[in-house]
Amino acid sequence: MVGGGAGDRRARLAELVAALSLGVDLGFGQPMEHVLRQCLIAMRLAGHAGLGEQDRMAVYYTALLVNVGCHADAHEQAKWFGDDIALKSGKYMHELGSVRGALATMRLVGAGNPPLHRFRVGLEFAFSGHRDLDGMISQHARLARSLAEQLELPGAVREGVGAAYEQWDGRGWPGVLKAGAIPVAARIAQLAEFAEVAHRVGGVAGAITLARRRAGRQFDPALAALLCARAEEIFGGLDAVPAWQTVIAAEPALAMELSPDQLDRALAAIANFVDLKSPFTLGHSVAVAELAEEAGRRLGLPPAQVLMLRRAGLVHGFGRLGVSNSIWDRPGPLSAGEWERVRMYPYLTERMLHQSAALAPLGEIAVQHRERLDGSGYPRGLSGGAISRPARVLGAAGQPARIREPRPHRPARSAEEAAEQMRAEVRAGRLDGAAVDAVLEAAGHRLPRRREALAGLTAREVEVLILLARGLSNKQIAERLVITPKTAGNHVEHIYAKIGISGRAAAALFAVQHGLLPEDKVAALTPP
């Protein structure tokens, strides 16, 4: 059991963050373990710089979390540029903030669409889309800092990830720090991130060339000089060492083992963060986890299995980071190739977790949650007894939330429709009847949550916040609530002022954390 009683191996925070970093790799179109290698480079650089134990810990976790917030507005990235993963994969091709980089980004506007559609997207982007991008990178850093806080990491780590996109010359994001005022953890992590890619593509010479070219602009010149002077030691054997084991073993100070309660909080925090990738999945993983847990109890599963079910529910969607929002958020039918990418996400979840002895058992359940008894599921097409009982329960638990949530190609469906569709799946031999009965019974006994006043928001502002989080524009919000776009815009501005954030992704995280999403959590399904 993960983080269970005495004698059981507890999960370490480093393992959980390292597993998440593998999903970040996928979301950037990079080989898995890119972030792990950049962490190794950062730690070697920190060692040569003579940093103390606390600073080295800040470097360690900053390097692992530096880009963790970049998927939060993948919906907007795909909306304007076609493929959010393709967009982010170009990050390392040009200097940040350069004219060449800006031109390369602009060439992607409307990518993947016919010429006329690209022209229309380009016009819309020129008139209003650029506002979506204003402060986007700064928001990534704020969200990464928020996750570091939820993971109860030290203040130095929070400051490091919060300043991860600042640049030595002051032209970074949000552009409030420069030179030595930037935390050393952020300076080292950023240099290590870009050096890892340069080394992978061009060897030691490529990394040295990058460091020298950007020293004094993007990078701390002293750190860049140190990397060049000690390049053979910093990059030596980097491709030969087992990245996962080496990074986990390199955690500074005492290994941060998680108590069962800490693990549950950390998994829930990361689950909510992963669900930010699409406005159609906000709060989905926690909702599934809660339903799976209660269904497991009603089936009389042992407490240890019930706990595993809940945790498997929290991690089951981690692999979605590796699939583009051009697929997740597409309003029309998917091609055969796109469906193949969707069918891979449970496998990606398993791959993210399998190197951790403490987390791998969760991946073994999660990878089967889309398998079906008749062999029609994915990723492996398992059937019958090859699908574990916990996976059958988790697969059934995912259905109500998935059906009750809106999707790009359809609105949210009713509780009755969800229940009937699940029973039809049982009759067709795809879902386990006992698991579905337990899930429907558990869902039917949920009590509606009371929505207390939040941050002084009015009832109308709560309605607007939910629609905003779901990715609706001011015009769409106005149409839905029968108000003018100007009134909708005023509500949005008031919401941002009251809750102290800006941007759809941050508003979505606020809504999820305060129980406003997903909406189906407040509605009971009719028990069989």
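The following dialogue examines how several terms apply to this predicted model.

Student: What makes glutamate 95 and arginine 217 a salt bridge?

Tutor: The closest N and O atoms of glutamate 95 and arginine 217 are 2.9 Å apart. The criterion requires a side-chain nitrogen of Lys or Arg within 4 Å of a carboxyl oxygen of Asp or Glu, so the pair qualifies. The structure holds 29 salt bridges.

Student: Which parts of the chain does the pair of glutamate 95 and arginine 217 tie together?

Tutor: Glutamate 95 lies in the loop between helix H5 (84-89) and helix H6 (99-106), and arginine 217 in the loop between helix H10 (184-214) and helix H11 (221-229), so the pair ties together parts that are 122 residues apart in sequence.

Student: Why is arginine 217 called partly exposed?

Tutor: Its relative accessibility is 34%. Buried means under 20% and exposed over 50%, so a value in between counts as partly exposed.

Student: How do you know that arginine 311 forms a salt bridge with aspartate 264?

Tutor: The closest N and O atoms of arginine 311 and aspartate 264 are 2.7 Å apart, and the cut-off is 4 Å. Arginine 311 belongs to helix H16 (residues 303-315) and aspartate 264 to helix H14 (residues 260-275), so the pair links parts that are 47 residues apart in sequence. Both arginine 311 and aspartate 264 are buried.

Student: What separates glutamate 294 and arginine 297 in helix H15?

Tutor: These residues are three apart in helix H15 (residues 284-298), which means a separation of about one helical turn. Glutamate 294 and arginine 297 form a salt bridge, with the closest N and O atoms 3.2 Å apart. Glutamate 294, at 24% relative accessibility, is partly exposed, and arginine 297, at 46%, is also partly exposed. Through shared partners, salt bridges join Glu293, Glu294, Arg297, Arg298, Arg310 and Glu441 into one network.

Student: How do you know that the span of helix H8 agrees with expectation?

Tutor: At 1.5 Å a residue, the 15 residues of helix H8 (residues 136-150) should span 21 Å, and the end C-alpha atoms are 21 Å apart, so the two values agree. Buried residues in H8 include Met136, His140 and Leu147. Just after H8, glutamate 152 takes a positive phi of about 60°.

Student: Why is H2 called roughly antiparallel to H3?

Tutor: Helix H2 (residues 34-48) and helix H3 (residues 53-65) pack at an angle of about 160°, with their axes 8 Å apart. Angles over 145 degrees count as roughly antiparallel, and therefore H2 is roughly antiparallel to H3. The crossing of H2 past H3 is right-handed. Among the residues that meet are Val35, Leu36 and Cys39 in H2, and Val59, Tyr60 and Leu64 in H3.

Notes:
Residues numbered from 1 in each chain as written. Predicted model: local features only at pLDDT ≥ 70, side-chain atom pairs only at ≥ 80, totals over all residues. Heavy atoms only, no water. Helix = DSSP H or I, 4+ residues; strand = E, 2+ residues; numbered from the N terminus. Buried < 20%, exposed > 50% of the residue type's maximum accessible area, 1.4 Å probe, protein only. Expected span 1.5 Å × (residues − 1). Axes fitted to C-alpha atoms, helices over the stretch in contact; angles between N-to-C directions. Parallel < 35°, antiparallel > 145°, perpendicular 65-115°, else oblique. Left-handed = near helix turned anticlockwise from the far one by under 90°. Contact = heavy atoms within 4.5 Å.
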